[in-house]
Amino acid sequence: MAISFCTSLHTKGSTPLPGPGPRQCKYTGQSVRALPIRILTVGKKRSRGAQLVVDEYIGKLKNYCSVDDVRIRSNPRNAHDLRAQVDDEDAAIMNLIRPDDWVVMLDENGQDIGSEHMAELVGDAGNTGASRLLFCIGGPYGHGQQLRERANLSIRLSTLVLNHQIALLVLMEQLYRVSNVVWCLSRGWLWILDAFSCP
């Protein structure tokens with residue numbers, strides 16, 4: 001089933017494109033600035049299979065933007081207290097975030113987001129004044145307070161609680177899918193809308 005991406009795609013504070021009429025897109029004719037992407041993941045060493053898939057998607061995404069995949073070891077100081085563990089992971093994440101990063105925190109209590117909204121997020125990120133789009137996937141006990149206060153946006157990829165490796169794979173696939181769509185739409189190739197929901 002194809003989705004009506006362009007007529008429903010609008011950011012907070014903007015107005016949707018009028019309809020009916022020929023299909024239009026807010027990115028048509030625009031020079032969409034693809035920000036470099038950095039993905040921070042807290043967790044243990046990834047399985048070989050998961051890493052192979054991550055590497056494959058990084059290779060595909062590099063056709064659209066640079067991608068940096070950073071893994072932060074879970075419980076970096078071997079704390080025995082769960083609160084201390086989360087605080088240590090939080091500090092490690094904050095050390096890797098620049099002031100001009102647009103930070104998206106993946107969290108089970110975040111805003112529900114579908115592929116259309118993810119495409120909007122990626123397409124609009126270049127207009128925020130940020131120099132990089134940064135996604136944070138937390139460890140087994142979630143995110144710390146510093147990141148929660150710093151994040152520009154909190155999203156969830158599913159109503160299910162996902163293992164950090166699965167969350168990373170879903171995120172990588174969606175980033176590849178929407179980067180391809182936004183790039184095509186910026187060139188006026190509206191036929192891509194009919195294939196947007198296809199694998």
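Predicted model: local features only at pLDDT ≥ 70, side-chain atom pairs only at ≥ 80, totals over all residues.
Colleague: How many bridges join S3 and S4, and in which sense do they pair?

Modeller: S3 covers residues 101–112, and six bridges link it to S4 in the parallel sense.

Colleague: How does the chain cross from S3 to S4?

Modeller: The path goes through helix H4, residues 115–125. This β-α-β crossover is right-handed.

Colleague: Is H4 mostly covered or mostly open?

Modeller: Mostly covered. Eight of the eleven residues in H4 are buried. Met118, Leu121 and Val122 are among them. Glu120 and Asp124 are buried too.

Colleague: Back to S4. What else pairs with S4?

Modeller: Strand S1, residues 37–43, runs parallel to S4, and five bridges join the two. Thr41 sits opposite Ile137 there.

Colleague: Why is S4 described as largely enclosed?

Modeller: S4 spans residues 132–137, and six of its six residues are buried, so the rest of the structure largely encloses the strand. Arg132, Leu134 and Cys136 point one way. Leu133, Phe135 and Ile137 point the other way. Both sets are buried.

Colleague: New topic. How many residues has the largest nonpolar core?

Modeller: That core has 28 residues. Those with the most contacts inside it include Ile39, Met118, Leu133 and Phe135.

Colleague: Which elements give two or more residues to this core?

Modeller: They are S1, H2, S3, H4, S4 and H6. H6 gives the most, with six residues.

Colleague: And what is Ile39 in contact with, leaving aside its neighbours within four places in sequence?

Modeller: The list includes Phe135 and Ile137. Leu168, Leu171, Met172 and Leu175 are on it as well.

Colleague: Zooming out, how many helices and strands are in the protein chain?

Modeller: Seven helices and five strands. From the N terminus the order is α-β-α-β-α-β-α-β-α-β-α-α.

Colleague: What share of the residues is buried?

Modeller: Of the 199 residues in the protein chain, 43% are buried.

Technical notes. Residues numbered from 1 in each chain as written. Heavy atoms only, no water. Buried < 20%, exposed > 50% of the residue type's maximum accessible area, 1.4 Å probe, protein only. Helix = DSSP H or I, 4+ residues; strand = E, 2+ residues; numbered from the N terminus. Pairing = 2+ DSSP bridges. Right-handed = clockwise from strand over helix to strand, strands pointing away. Core = buried A, V, L, I, M, F, W, Y, C linked by side-chain atoms within 4.5 Å. Contact = heavy atoms within 4.5 Å.
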